[in-house]
Amino acid sequence: MRIAISTGGGDAPGLNAVIRAAALSAIGRGWEVIGIRKGFGGLLGEDQCVTLTRESVRGIAHLGGTILRTTNRGNPFHYPIRQPDGSFVDTDRSAELMASARNLGIDAIITIGGDGTLAIAQRLHECGMRIIGVPKTIDNDVSGTLTTFGFDTAVNTALEAIDKLHTTAESHDRVIVLEVMGRHSGFIALHSGLAGTADVILIPEIPYDIRKVCDKIVERDGLGRHFSIVVVAEGAFPRGGHESVMGGSLPGEAKRVGGIADAVAREIQMITNKETRSLVLGHLQRGGQPTGYDRLLATRFGGAAVRAVEDQRWGHMVALQSPHIVTIPISEALREPKRVEPTHDTVLTARATGISFGD
Ligand code: F6P
């Protein structure tokens, strides 16, 4: 048996722990393990495929990033190919990828990625590829699994920032607006904001009214709390408005959301007359060592993925349905993205403890 492992899309703390656990579980069964570098690029001549041994996966579980590298511009069904005139043509290279896997004698692929990579896995599965998915994203927006690895680390990074912002905001009687990642979901903002006792949390699932945001800040001022912390998810948007999109996407890249913190801060300062600052936490949330929780979950996912290969659960992904790791069809997980439920107890408790959602 020869299996291959790939990591696709944006990186997330815990990828190396999955690679290590999957490789060791496979090697322990007497299987050979190939690492496909740079998403599926190693099968498309854009990078290499390398043999993974006990030695090559030694001492990596605690490291952020991915030893296999990754890309969010490598969809084999929509591969951007540069033309002599500099323009790009969207090309289907899936047949080439399948042929390349066959030539390398790859019996099955374990692919680790978020919704984009899992959608590619589903299509490859429909083309006949024997594939198992492992859900990964700091955004926690994949359905069918209680959580994805990387999310806990991102929340802790945001939490550390909120703790630090509290002290400086209080010293200066300022409002500070912190933008966190999450794309179209507000999990990172909600979890870090509630744990960090923010005053306002803005998430895409609850469109905000800037006047309500300012009411909260002014109310705090009246109570002698002259500073406020606003945590805004990058995909949040005002009621009746739309999310803030950053320009400059490259061919093959999904549209990038973000830049909302600055707009929110400017409006708050204008309406309340309070000194307001903003910052974007950005890719700090994607880097660094995975937390113990993420390392453990990633390791469990890696081991379970190899068991799924053994059980020939093709087209399935591993998922956490506490207390067990199960497998579910990738198509089921992709049916609907996971979003914060506005009636979830986390939101209710946030409201009960005085946090405003600007609604
Ligand atoms: O999906 C993970 C994520 O970090 C999102 O939260 C964010 O919007 C996006 O990826 C950023 O992508 P990139 O690394 O391409 O800027």
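Before the details, two remarks on conventions. The model is predicted, and local features are taken where pLDDT is at least 70 while side-chain atom pairs count only at pLDDT 80 or more, although totals for chains, interfaces and linings use all residues. Residues are numbered from 1 along each chain as its sequence is written, and side-chain values use heavy atoms, with hydrogens and water left out.

6 of the 6 residues of E6 are buried, so the strand is largely enclosed by the rest of the structure; here buried means under 20% relative accessible area, exposed means over 50%, and partly exposed is in between, with a 1.4 Å probe and protein chains only. Ala108, Ile110 and Ile112 point one way from E6, whereas Ile109, Thr111 and Gly113 point the other way, and all are buried.

What are the partners of this strand? E6 pairs with strand E1, residues 2-7, in the parallel sense over 5 bridges, where pairing requires that DSSP finds at least two bridges between two strands, and within that pair alanine 108 is the bridge partner of isoleucine 3. E6 is also joined by 5 bridges to strand E7, residues 131-135, again running parallel, with isoleucine 110 standing opposite isoleucine 132. Together with helix H3, residues 115-126, E6 and E7 make a right-handed β-α-β unit, right-handed in the sense that, with the strands pointing away from the viewer, the path from the first strand over the helix to the second runs clockwise.

Next comes another sheet, which is open and consists of 4 strands in the order E9-E10-E8-E13 with parallel pairing. Its edge strands are E9 (200-202) and E13, each of which pairs on one side only. Neighbouring strands here are turned by 15° against each other on average, direction ignored, with axes being lines fitted to C-alpha atoms, for helices over the stretch in contact, and angles running from 0 to 180 degrees between N-to-C directions. E9 and E10 (residues 228-233) run parallel and are joined by 3 bridges, and valine 200 stands opposite valine 230 in E10. Helix H7, residues 260-272, lies across E8 (175-180), E9, E10 and E13, and runs at about 175° to E13.

Now for some single residues. Leaving aside residues up to four places away in sequence, glutamine 285 touches Pro13, Ile138, Ala154, Thr157, Val180, Met181 and Ile188, where contact means heavy atoms within 4.5 Å.

Serine 56, in the loop between strand E3 (49-51) and strand E4 (79-82), is partly exposed, with a relative accessible area of 32%. Serine 56 is 36 residues apart from arginine 20 in sequence, and the two are 8.8 Å apart in space, C-alpha to C-alpha.

I will close with backbone geometry. Most residues other than glycine have a negative phi, and most peptide bonds are trans. Asparagine 140, in the loop between E7 and helix H4 (151-172), has a positive phi of about 60° although it is not a glycine, and at 4% relative accessibility asparagine 140 counts as buried. Aspartate 173, in the loop between H4 and E8, has a positive phi of about 55°, but counts as partly exposed at 37% relative accessibility. Finally, the peptide bond from serine 322 to proline 323 is cis, with omega near 5°, and proline 323 lies in the loop between E14 and strand E15 (324-329).

Conventions. Helix = DSSP H or I, 4+ residues; strand = E, 2+ residues; numbered from the N terminus.
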